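Subject: Structure handover

Hello,

Please find the structure below. My notes on it follow.

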Amino acid sequence: MSIVKHLPDAAIPDGGAPHWHVKDAQRWLDAGVAAVFAPIAVGWILAPLVVLAIVLVAWNDPGTPAHGTTWAGYAPAVLLVSLPAWYRFLPAATLVSTPVIAADAVRNLYALDPADGPGRVGGALMLVLCAWAFAGSALRIRSRRRRRELFRTAVGDARAAIPEHLPSGHRRRGRALAAAGAGLCLAGAALLVWGLVRDLGAAAGEPYDAIGQQVLAMVLLAPGVPLLGRGLTARRAARRLHEGPQPVIRVGVREQWLGNFWLVADADTTTAPPLIAFRDRFEDGYRHSAETLLGGAESRLRRDHHDIDRHAEPYEALLYGVPCEGSEVVLRYAVYRGDSTITDAVRAVPLLPFRRHRLRSWRPAGTSFTLRRRAQEEKRKQRAAQRSSGSGSSCGSSGGCGSSCSSSCSSSCGGGCGGGD
């Protein structure tokens with residue numbers, strides 16, 4: 001299956017689909033957050049810093065109190081452990097969780113012994129991390145809003161219904177994540193209820209230590225809550241595409257042998273920068289049916305609608321939806337089914353906030369990649385046939401001594417011309 005460079009007119013919806021001009025796409029790209037607030041990088045940086053803050057705060061912890069298990073700071077502790085994942089996937093939830101964590105950190109700082117240096121450093125580090133995550137989340141939400149506005153301005157009034165038959169991955173989007181997160185959260189909640197009941201029911205002189213249940217529940221809740229939130233938001237992003245006609249625009253798609261695929265402004269501008277990434281997953285592109293766009297003689301089709309090497313240059317696609325971090329869009333492009341039919345292909349892809357890419361510069365080929373490959377293969381076969389026939393004729397035409405192959409054949413002729421007894 002080879003991809004067509006430009007969409008045929010039959011693929012364009014009624015009302016048309018504008019091109020995304022490079023200048024408009026560059027403004028959209030510039031509306032992103034600074035690298036210091038990049039969700040993926042900052043999420044990885046927050047993880048060890050959160051662990052360090054917890055270790056410092058617990059450095060001089062007195063342990064289990066005489067009256068039983070401490071529950072007051074448990075919820076902020078769970079939120080703190082989950083902070084890297086929340087910042088990576090759920091910036092809106094981070095705006096809610098970071099003030100809770102910061103308030104608990106301030107309360108603990110006032111209660112600490114002035115001589116507890118590590119505890120104070122850990123509390124201060126928590127406040128810094130909360131401020132960083134809160135500011136980054138607020139800026140990311142503002143960036144999403146700004147990018148939506150810029151994109152809708154570039155699209156104008158162009159709207160169209162998404163393709164009818166969508167890949168199976170789109171229909172199941174978020175279900176597995178939400179189910180896994182809900183299961184972990186329920187198991188963690190059961191452990192906390194068990195520990196709380198045992199703690200409240202303990203005798204006055206024999207306090208119950210529920211630290212085991214607290215630790216196990218935190219191990220479950222720390223990934224469970226972000227997974228549940230991520231699954232629900234992914235599901236919401238997929239369902240948003242079904243809320244009436246969507247903005248539609250022509251974009252370019254660049255593919256790599258390894259790594260993420262990237263959206264670019266168009267398929268013709270060689271200097272167009274990569275805009276936003278998505279992963280190539282089988283379930284996001286496979287579907288049972290396809291719409292036939294064109295048919296006819298192969299020579300005419302591949303001349304008028306040439307296919308490309310998808311890893312060497314971008315191809316044109318229709319984008320349905322509003323691209324920004326965390327959203328899902330539908331991409332529709334044209335492919336060859338056999339040699340005499342062009343059909344559409346559809347991907348439904350969640351967009352990812354990657355910043356680094358390994359894309360190289362490219363040049364448009366201008367002709368069919370399949371026809372060029374066939375011509376090259378035919379030339380290789382002809383050269384191989386010429387070499388084979390040339391070597392056979394040179395030895396077969398040797399008539400006696402002095403021939404060009406006499407020396408090479410001397411061993412099989414008994415030592416040369418006139419050899420033998």
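In which sense do β4 and β5 pair, and over how many bridges? They pair in the antiparallel sense, over 3 bridges; strands are DSSP runs (E, at least two residues) numbered from the N terminus, and pairing requires at least two DSSP bridges between two strands.

This is a predicted model, so local features need pLDDT of at least 70 and side-chain atom pairs pLDDT 80 or more, while totals for chains, interfaces and linings use all residues. Residues are numbered from 1 along each chain as its sequence is written, and side-chain values use heavy atoms, without hydrogens or water.

Strand β3 (residues 246-254) runs antiparallel to β4, with 3 bridges joining them. Trp262 in β4 is the bridge partner of Arg254. On the β5 side, Leu263 stands opposite Ile276. Phe261 and Leu263 on one face of β4, and Trp262 and Val264 on the other, are all buried, meaning under 20% relative accessible area with a 1.4 Å probe, protein chains only.

There are 5 aromatic pairs, counted where ring centres of Phe, Tyr or Trp (its six-membered ring) lie within 6.5 Å; planes under 30 degrees apart are stacked, over 60 edge-to-face, the rest tilted. One of them is Trp20 with Trp28, edge-to-face at 5.8 Å centre to centre and 80° between the planes. Another is Phe261 with Phe278, edge-to-face at 5.8 Å and 75°. Phe261 lies in β4 and Phe278 in β5, so this pair ties together parts 17 residues apart in sequence.

Regards

Methods
Helices (H or I, at least four residues) and strands (E, at least two) are DSSP runs, numbered from the N terminus. Buried means under 20% relative accessible area, exposed over 50%, partly exposed in between (1.4 Å probe, protein chains only).
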